[in-house]
Amino acid sequence: MTYDTIIIGAGPGGLTAGIYAMRGKLNAICIEKENAGGRIAEAGIVENYPGFEEIRGFELAEKFKNHAEKFKLPIIYDEVIKIEIKEKPFKVITKNSTYETKTIVIATGTRPKKLGLNEDKFIGKGVSYCTMCDAFFYLNKEVIVIGRDTPAIMSAINLKDIAKKVTVITDKSELKAAEPIMLDKLKEAKNIEIIYNAKPLEIIGDEKAEGVKILVNEKEEIIKADGIFISLGHIPNTEFLKDSGIKLDKKGFIITDKNCKTNIEGIYAVGDVRGGVMQVAKAVGDGCVAMANIIKYLQSLK
Ligand SMILES: Cc1cc2nc3c(=O)[nH]c(=O)nc-3n(C[C@H](O)[C@H](O)[C@H](O)COP(=O)(O)OP(=O)(O)OC[C@H]3O[C@@H](n4cnc5c(N)ncnc54)[C@H](O)[C@@H]3O)c2cc1C
């Protein structure tokens, strides 16, 4: 069987594309390797997705999944390991099967670059990878940003007007910014302190993160804070596209046009995997735009 469309990834972007596909009466499936709902399930409270003044991340993820299921989007739990697009129909190859399709939506999101220390047990308990999402929980409190260059600078700038104090810990001897104006903002802020050449050794705390142990000037030190933001950047989940022919930028994000179309006719990318702003509202908007264009494209084939 050849599907009209296969959506890879069941996060907010993929599930929105799925809802539009089912309402457009396409023969569609969505393939998800972990949990339908995507990364928003990792968020504590979400306060910036319109229509929901305050909702827990996992509840919003569940709502996206239930909404797609209401329109009978089939979600297949499997991991896509390769796509073959040189000939039509395209082939989507998973660990367990091979599917044929006229169009593809890539909605595989990103994963955060990790510190590689003991941070996993503190996620949602004082450790976050997302200032845009979680800064407000540290209103008038002290926070640490661990990172390098633009991601760390952006996090510190996002936090400086909310937190009482921001301590940036970096293992570099300087921070390089994508735009020099960012460095001006960093220097102007009276509540940002930067500790250079500092190697993070361990997040400290029992139930909740309480600070970071660092090695600086050959001495171990503990920097205490109410919250810790890890800002080392994001890694797009695009390894399975290696050698596929789909154009990626130098960081591995998928290059698209304003309609979310990749360099290949019939193949679209939505949400975080396109880079730029990484928020649910954008992923949902992309899912809608991509599927509306796929529906037009499929009609043009008739
Ligand atoms: C802790 C945290 C808090 C956040 N808070 C907010 C917030 O308050 N507000 C906000 O707007 N945004 C927030 N975000 C960001 C938001 O979660 C993302 O912008 C959004 O989930 C992106 O949706 P997406 O569909 O592009 O990708 P994702 O949600 O990342 O979904 C991608 C899906 O693809 C699947 N997948 C990946 N590779 C494959 C493969 N090879 N085969 C099959 N499936 C695959 C993944 O398992 C995943 O389910 C937060 C993120 C985090 C981590």
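I count a polar contact as a pair of N or O atoms within 3.5 Å; within protein, one must be able to donate a hydrogen and the other to accept it, and residues adjacent in sequence count only if both atoms are side-chain atoms.

**Ground rules.** I am working with a predicted model, where local features need pLDDT of at least 70, side-chain atom pairs count only at pLDDT 80 or more, and totals for chains, interfaces and linings use all residues. I number residues from 1 along each chain as its sequence is written, and side-chain values use heavy atoms, with hydrogens and water left out.

Asn48 places a polar side-chain atom 2.8 Å from a ligand nitrogen atom. The protein covers 95% of the 1000 Å² of accessible area that the ligand has on its own (Shrake-Rupley method, 1.4 Å probe).

**The shell.** How many residues surround the ligand? I find 32, and the closest are Glu32, Arg39, Asn48, Cys133 and Val280; a residue is included if one of its heavy atoms lies within 4 Å of the ligand. By type, the shell holds 13 nonpolar, eleven polar and eight charged residues. Here Ala, Val, Leu, Ile, Met, Phe, Trp, Tyr, Cys and Pro are nonpolar, Asp, Glu, Lys and Arg are charged, and the others, Gly among them, are polar. Helix H1 (12-23), strand S2 (28-32) and helix H6 (280-301) each give the shell at least two residues. Helices (H or I, at least four residues) and strands (E, at least two) are DSSP runs, numbered from the N terminus.

**Helix pairs.** H1 packs on helix H2 (residues 57-70) at about 20 degrees, with axes 9 Å apart. Axes are lines fitted to C-alpha atoms, for helices over the stretch in contact, and angles run from 0 to 180 degrees between N-to-C directions. H1 and H2 are therefore roughly parallel (under 35 degrees; over 145 is roughly antiparallel, 65 to 115 roughly perpendicular, the rest oblique). Helix H4 (residues 149-160) meets helix H5 (residues 180-188) at about 45 degrees, axes 10 Å apart, which makes H4 oblique to H5.

Most residues other than glycine have a negative phi, and most peptide bonds are trans. I noted Lys72, with a positive phi near 65 degrees, in the loop between H2 and strand S5 (75-77). I also noted a cis peptide bond joining Lys88 and Pro89, omega about -5 degrees.
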